[in-house]
Amino acid sequence: MGAHNSKLFYEILYDTDLSFVKWALQEFTAWQNTITSTKVLKINGTKDKLIPPRGKTRTKLIEGGEHFMIFDRAEEISEIINFEIRNT
């Protein structure tokens, strides 16, 4: 994670309600998905340490992308989304 992303990450943590974070982490880690949809596309970075790529959901991997790639790889992500919209 670059210096800019690290700063942003800590700003988000500072502004986030701790009880919400605990709840969200519990729900996220315990969630048992029982429905598979072919219409869902997960865009994941290969270097995302917070939510690493896994599972059976149709996934588009962004080489070198990290958790905050929505900020520093936004154009690439936008291209993927627009391609999916045009081709579905």
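**Figure 1. Salt bridge Lys7–Glu11 in helix H1 of the predicted model.** Lys7 is exposed, its relative accessible area being 55%, where exposed means over 50%, buried under 20% and partly exposed in between (1.4 Å probe, protein chains only). Glu11, at 37%, is partly exposed. The two side chains meet at 3.4 Å, N to O; a salt bridge requires a side-chain nitrogen of Lys or Arg within 4 Å of a carboxyl oxygen of Asp or Glu. Both residues belong to helix H1 (residues 3-15) and sit four residues apart, about one turn of the helix. Helices (H or I, at least four residues) and strands (E, at least two) are DSSP runs numbered from the N terminus.

The model is predicted, with local features needing pLDDT of at least 70 and side-chain atom pairs counting only at pLDDT 80 or more, while totals for chains, interfaces and linings use all residues. Residues are numbered from 1 along each chain as its sequence is written, and side-chain values use heavy atoms, leaving out hydrogens and water.

Figure 2. The structure holds three salt bridges. Arg58 is partly exposed at 35%. Glu76 is partly exposed at 31%, and Arg73 is partly exposed at 22%.

**Figure 3. Aromatic pair Phe20–Trp23.** Two aromatic pairs are found in the whole structure. Phe20 and Trp23 form a tilted pair, 5.8 Å centre to centre with 35° between the planes. Rings of Phe, Tyr and Trp (its six-membered ring) pair if their centres lie within 6.5 Å; planes under 30 degrees apart count as stacked, over 60 as edge-to-face and the rest as tilted. Because Phe20 and Trp23 are three residues apart in helix H2 (residues 18-30), about one helical turn separates them. Phe20 is partly exposed at 48% relative accessibility, and Trp23 is exposed at 51%.
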